[in-house]
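Dear colleague,

I am handing over the structure below, and my notes on the overall fold and the pockets follow it.

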Amino acid sequence: SAGSRLSPFQVSLAAATGSATLQVYRRPRVGILATGSELRDPGDILESGCIYESNRLLLRSLVRRAGAEPRVYPIVKDTLNATCLALSKAVDECDAIVTSGGVSVGDYDFIKPAIEALHGDIHFWRMRVKPGKPIVFGSVGSVPIFGLPGNPVSATVTCTLLVHPALARLGGERAFQHVYTRGRLAEPLSNRGDRHLFLRVSLGKDGVVRLSGANQASHALGSLAASDGLLGVPEGATLDSGEHVSVICWPRVP
C-alpha cells in the first residue's frame, strides 16, 4: 500500500507480476552540520583545548537508518556569520537539516540566531528529556531544521525520538513506529529528576535488561557503543528489579 517501506521481497514480488517500474518517494536529502570552533576532524593534530568531532559520522549513520540520504558539511566555526552561511548553503541544497551543538544559551550558541537571521521560524526550543533538553526545531522556508545538542548521547537520543520519525514521514512512510523489545530489569532504576530520563541499556539473550555502562553521562560514548537501545524512565519514577520493561531498539539499516 502507499507509504509502505519496500523490502527486497516486495520488490521481487512486484517484478514477478510484470511491473517494470514503481512510483516511489525520493529519499530526502538531509544536510548534517556540526558547530564548534574547538572541533577538529579525526586525524588532524589536536591543539590545546580542542577535541575530535564525531557527531557528523554518528548522525550520518542515523539519517541513513531513517531512509534518507545524508550530505555532510564542513565544521562550522562559532560565529553568527559562519553559521548563517553554512545554514543558508544547506537550505539551498537539502530537504532537511540536522545540526549538532550551538543550541543552548551560551555566548557561542548561534543556531537559533542564525535561523532567525535567515528569516526562519523557531517552532520550539527545549524538551523535558534527559539527555537532550536544549533541542531546537525551526525552519527556513520549507526546509525543517533540527538543532540537536552537541554531546553525542544527547544528539543520539533526540535524533532517535524526533528526527528519525520526521525523516521517515518526509520520505513517504505513513505509519512509522519505533521497534520495542520487552525484557526484565536486572537492577532497580530511579529517576529523581523532573525530566523523562533515557538510559542506554543492553539486552541479554536471557531477556535481561542491564545498563550498558555505569557512566550514563551525555558525553559517554562508551556506554552508547555497548548499548542495544534506550530505556525510558518517567520523571519521579522507580523501576524495580525484575520488572518487565520496553526498550527502544536501535533501528537497523534499511
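How do the residues of the lining of the second largest pocket divide into nonpolar, polar and charged? They come to 15 nonpolar, 14 polar and eight charged, where Ala, Val, Leu, Ile, Met, Phe, Trp, Tyr, Cys and Pro count as nonpolar, Asp, Glu, Lys and Arg as charged, and the others, Gly among them, as polar.

Please bear in mind that this is a predicted model, in which local features need pLDDT of at least 70 and side-chain atom pairs count only at pLDDT 80 or more, while totals for chains, interfaces and linings use all residues. Residues are numbered from 1 along each chain as its sequence is written, and side-chain values use heavy atoms, with hydrogens and water left out.

For the largest pocket, the volume is about 690 Å³. On a 1 Å grid over the protein atoms alone, a pocket is an open set of points where a 1.4 Å probe fits, with protein on both sides within 12 Å along at least five of seven lines, and lining residues have an atom within 4 Å of a point; points are joined across faces, edges and corners, and a volume is the space filled by probe spheres set on them. The lining of the largest pocket has 10 nonpolar, nine polar and five charged residues.

The second largest pocket holds about 590 Å³ of space, and of its 37 lining residues, the closest to the centre are Asn55, Pro149, Gly150, Asn151 and Pro152.

As for the whole protein chain, 42% of its 254 residues count as buried, that is, under 20% relative accessible area with a 1.4 Å probe, protein chains only. Its C-alpha atoms fill a box of roughly 55 × 55 × 35 Å along the principal axes.

Best regards

How values were computed:
Buried means under 20% relative accessible area, exposed over 50%, partly exposed in between (1.4 Å probe, protein chains only).
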